[in-house]
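The tour below goes from one selection to the next and says what is found at each stop.

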Amino acid sequence: MSADAHSGGAIILQARAGSTRLPAKVLRPFGDVTLLEHIVARLRATELPVWVATSTLHGDDPVAELAGQAGADVFRGDEADVLGRFAACVEAMPHRPDHIVRICADRPFVSPDVILDHVAAWVEAGRPAIVSSSIEPSFPIGLEVEVVATDALITAAAEARDPYEREHVTPYLYRHPDVFAQVSLTCPYGNYAHVRAVVDTFADYDALVRVNERLERVRADHGFEELLTLATVDLGTFPSEAAV
């Protein structure tokens with residue numbers, strides 16, 4: 001699916017070096033590049049503008065530099081107030097998008113096709129506040145996508161007060177379904193919510209590096225279907241010896 005019909009949107013990838021369980025994970029090697037570069041490359045395949053939203057902390061200087069080298073636009077904002085960072089990132093864009101695709105930088109197998117399917121669903125549903133595959137989990141953990149209407153995001157940033165809502169960007173929307181229309185997408189191939197494809201700990205990182213090596217032997221630009229095939233073979237136990 002082409003991104004041409006959805007050129008009014010943009011992707012915001014939230015990334016920072018200060019993760020507690022696995023510090024500087026986005027700067028760690030992943031294949032021939034870093035994890036951050038790997039993810040940015042996959043996101044750029046959608047042909048949507050890609051922005052990396054990191055913090056103003058000195059420790060995130062390498063994140064900002066690497067993101068720019070990878071071809072993403074960069075915005076730097078508050079470390080803890082990620083919702084505010086997203087809203088400020090939108091305001092910094094040369095052209096205000098009508099929707100934002102929110103992605104976290106711990107998801108090496110984020111799928112361009114899945115992203116574009118979510119954007120298409122957002123358009124077909126009449127441009128609701130949010131289209132999400134996190135409402136009824138069925139995609140592998142790490143492949144979920146949220147498409148948020150820009151107006152809804154800006155409203156949430158202005159009204160949310162709970163620190164949890166500020167840190168995690170979209171909870172304010174989910175907590176007010178009477179105000180913000182929500183559409184849930186589920187995985188078309190079945191329930192893969194037991195599959196963990198996110199880098200949170202060193203065990204995750206170690207396992208997913210080797211999963212990526214296996215997938216690249218199948219196809220350099222491996223996609224969603226290849227990941228699900230491997231997950232089926234390995235019973236969804238990527239962060240373990242069973243998957244390597």
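Which residue in β4 does isoleucine 12 stand opposite? Select tryptophan 51: in β4, this is the residue that stands opposite isoleucine 12. Strands here are DSSP runs of E with at least two residues, helices are DSSP runs of H or I with at least four residues, and both are numbered from the N terminus.

Before going on, note that this is a predicted model, in which local features need pLDDT of at least 70, side-chain atom pairs count only at pLDDT 80 or more, and totals for chains, interfaces and linings use all residues. Residues are numbered from 1 along each chain as its sequence is written, and side-chain values use heavy atoms, with hydrogens and water left out.

**Stop 1: the sheet**

Select the strands in the order β5-β4-β1-β6-β8-β7-β9; these 7 strands form an open sheet with mixed pairing. Two strands pair if DSSP finds at least two bridges between them. At the edges are β5 (73–77) and β9 (182–184), each of which pairs on one side only. On average, neighbouring strands of this sheet are turned by 25° against each other, direction ignored. Axes are lines fitted to C-alpha atoms (for helices over the stretch in contact), and angles run from 0 to 180 degrees between N-to-C directions.

Next, show β7 (residues 130–132) with β9: the two run parallel and are joined by 3 bridges. Valine 131 has valine 183 of β9 as its bridge partner.

**Stop 2: β1**

Colour β1 by burial, where buried means under 20% relative accessible area, exposed over 50%, and partly exposed in between (1.4 Å probe, protein chains only). In β1, 6 of the 6 residues are buried, so this strand is largely enclosed by the rest of the structure. Gly9, Ile11 and Leu13 lie on one side, and Ala10, Ile12 and Gln14 on the other. In a regular strand the side chains alternate between the two faces of the sheet.

Strand β4 runs parallel to β1 and is joined to it by 4 bridges. Strand β6 also runs parallel to β1, with 6 bridges between them. Isoleucine 11 is partnered by valine 101 in β6, and leucine 13 by isoleucine 103.

**Stop 3: β6**

Select β6, where 6 of the 6 residues are buried, so this strand is largely enclosed by the rest of the structure. His99, Val101 and Ile103 point one way, while Ile100, Arg102 and Cys104 point the other way. The bridge partner of arginine 102 is glutamate 146 in β8.

Move to the loop between β6 and α4, where alanine 105 is placed. Alanine 105 is buried, with a relative accessible area of 6%. Leaving aside neighbours within four places in sequence, its contacts (heavy atoms within 4.5 Å) are Leu13, Gln14, Ala15, Val26, Leu35 and Ile39. Arginine 16 is 89 residues from alanine 105 in sequence, yet the two are 8.1 Å apart in space, C-alpha to C-alpha.

**Stop 4: helix α2**

Select α2 (residues 61–69) and pick out its buried residues, Val63, Ala64, Leu66 and Ala67. These pack against β3 (33–34), α1, β4 and β5. Just after α2, glycine 71 takes a positive phi of about 100°.

**Stop 5: the pockets**

Switch to a surface view. A pocket is an open set of points on a 1 Å grid over the protein atoms alone, where a 1.4 Å probe fits, with protein on both sides within 12 Å along at least five of seven lines; lining residues have an atom within 4 Å of a point.

The largest pocket has a volume of about 980 Å³, a volume being the space filled by probe spheres set on the points, which are joined across faces, edges and corners. Of its 32 lining residues, Gln14, Arg102, Cys104, Asp106 and His168 are the closest to its centre. Helices α3 (82–92), α6 (163–168) and α7 (171–174) and strand β6 (99–104) each supply at least two residues of this lining.

The second largest pocket has a volume of about 230 Å³. Among its 13 lining residues, Arg42, Pro112, Ala220, Asp221 and His222 lie nearest its centre. The elements giving two or more residues to this lining are α1 (35–44) and α4 (112–124).
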